[in-house]
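Below is a set of questions and answers on one structure.

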Amino acid sequence: MKAAKPRKSTTSKAATSKGAARTSTAASKAAPASPSRHKTASSSGGTKPESRTALVRRARRINRELAEVYPYAHPELDFENPFQLLVATVLSAQTTDLRVNQTTPALFAAYPTPEDMAAADPEALEQLIRPTGFFRAKARSLLGLSAALRDNFGGEVPGRLKDLVTLPGVGRKTANVVLGNAFGVPGLTVDTHFGRLVRRWKWTDQEDPEKVEAEIASLFPKSDWTMLSHRIIFHGRRVCHARKPACGACPIAPLCPSYGEGETDPDKAKKLLKYEMGGQPGQRLRPPADYPGRPAAPLGAAE
């Protein structure tokens, strides 16, 4: 069974309705792809695993397809500088980017610099970040990383991975988010969405985030890493959900060896789409200009 040919992107500023329609249309044309599709018949009549070359080609085609579906993919945390992105990423653990974006305006108004945050009263800081959950542990991380920035890096966020991971509460995932989006240094963001999708696509069977990062990095040129991360995370949040993926509304169904794990009926699958793909507000209060969906509402406002 042949996969559908890649579609040509008509614009990078698609309207919400057009983006959702494009996804539904692609899904309706996509033939179901079973896991056996990605195995090759052997001379003995059995199957053999997908070759390395075939895997690379399929992975890169999925990336191209996602680039057409999400030409506006971006980091979904509101930020104006590297410090704000670093803090927001630390706060995003175990919560949604939306809740972080609704919380950070008051936080950054109170503590705009590392020096200000390092000198914060712990209880006052905890109260400001309480909506993000795990606020005591997160407050300790924010106080610690702010003090480290003040004392060890002149109050500036460093632009190197080896320096960023020395900061309290900062691991490789957070460091790669900051490097890729604040400094333009390519990196893969291996969060739960990223890990789930690359395993569903059979790009890797690794569970450890660092091993996942290494294996996926080997499939793509370094220049693709940051945008690839955004596209995969966008797709995971909007279509390829953890519990019930919207297989019948997935534009890359012909390329997916896990097709059928979720809802395959196009009409039912369409109802599972989230954020702009489902006609709902996005996660950012201040999204990029080319985002085709609606901005999220501030904390406490009616949505």
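Q: How do the residues lining the largest pocket divide by class into nonpolar, polar and charged?
A: The model is predicted, so local features need pLDDT of at least 70 and side-chain atom pairs pLDDT 80 or more, while totals for chains, interfaces and linings use all residues. Residues are numbered from 1 along each chain as its sequence is written, and side-chain values use heavy atoms, with hydrogens and water left out. Ala, Val, Leu, Ile, Met, Phe, Trp, Tyr, Cys and Pro count as nonpolar, Asp, Glu, Lys and Arg as charged, and the others, Gly among them, as polar. On that basis the lining has 12 nonpolar, 16 polar and 9 charged residues.

Q: Which residues lie nearest the centre of the largest pocket?
A: A pocket is an open set of points on a 1 Å grid over the protein atoms alone, with protein on both sides within 12 Å along at least five of seven lines, and lining residues have an atom within 4 Å of a point. The largest pocket is lined by 37 residues, and those nearest its centre are Lys173, Asp191, Thr192, His193 and Arg237.

Q: What is the volume of the largest pocket?
A: Grid points are joined across faces, edges and corners, and the volume is the space filled by probe spheres set on the points. For the largest pocket this comes to about 770 Å³.

Q: Which element gives the largest share of the lining of the largest pocket?
A: Helices are DSSP runs (H or I, at least four residues), numbered from the N terminus. Those giving two or more residues to this lining are α3 (82-91), α9 (172-182), α10 (192-200), α11 (209-217) and α12 (225-238). The largest share, 6 residues, comes from α12.

Q: What is the volume of the largest cavity?
A: A cavity is a set of grid points where a 1.4 Å probe fits but cannot get out. The structure holds 1 cavity of 30 Å³ or more. Its lining of 15 residues has Cys240, Pro245, Cys247, Cys250 and Cys256 nearest the centre, and divides into 11 nonpolar, 2 polar and 2 charged. The volume of the largest cavity is about 110 Å³.

Q: How many aromatic pairs does a search of the whole structure find?
A: Rings of Phe, Tyr and Trp (its six-membered ring) pair if their centres lie within 6.5 Å; planes under 30 degrees apart count as stacked, over 60 as edge-to-face and the rest as tilted. With these cut-offs, the number of aromatic pairs is 6.

Q: Why is the pair of Tyr72 and Phe234 given its class, and which class is that?
A: The ring centres of Tyr72 and Phe234 are 5.9 Å apart and the planes stand at 65 degrees, so the pair is classed by that angle as edge-to-face. Tyr72 lies in the loop between α2 (52-69) and α3, and Phe234 in helix α12, so the pair ties together parts 162 residues apart in sequence. Buried means under 20% relative accessible area, exposed over 50% and partly exposed in between (1.4 Å probe, protein chains only); Tyr72 is buried at 2% and Phe234 at 1%. The class of the pair is edge-to-face.

Q: What class of aromatic pair do Trp201 and Trp203 form?
A: Trp201 and Trp203 are both buried. Their rings are 4.9 Å apart centre to centre, with 50 degrees between the planes, and the pair is tilted.

Q: The charged end of which residue sits over the ring of Phe234?
A: Phe234 belongs to one aromatic cluster with Tyr70, Tyr72 and Tyr291. A charge sits over a ring if NZ of Lys or CZ of Arg is within 6 Å of the ring centre and within 35 degrees of the ring normal. At 3.7 Å from the centre of the Phe234 ring, the charged end is that of Arg238.

Q: Is Phe134 buried or exposed?
A: Phe134 lies in the loop between α6 (122-129) and α7 (135-152). Its phi is near 50 degrees, a positive value in a residue other than glycine. With a relative accessible area of 56%, Phe134 is exposed.

Q: Is Tyr275 buried or exposed?
A: Tyr275 lies in the segment after α13 (266-270), and its phi, near 55 degrees, is positive. At 18% relative accessibility, Tyr275 counts as buried.

Q: How far apart in space are Arg231 and Asn63, C-alpha to C-alpha?
A: Arg231 is found in helix α12 and is buried at 16% relative accessibility. Asn63 is one of the buried residues of α2. Arg231 and Asn63 are 168 residues apart in sequence, and their C-alpha distance is 7.6 Å.
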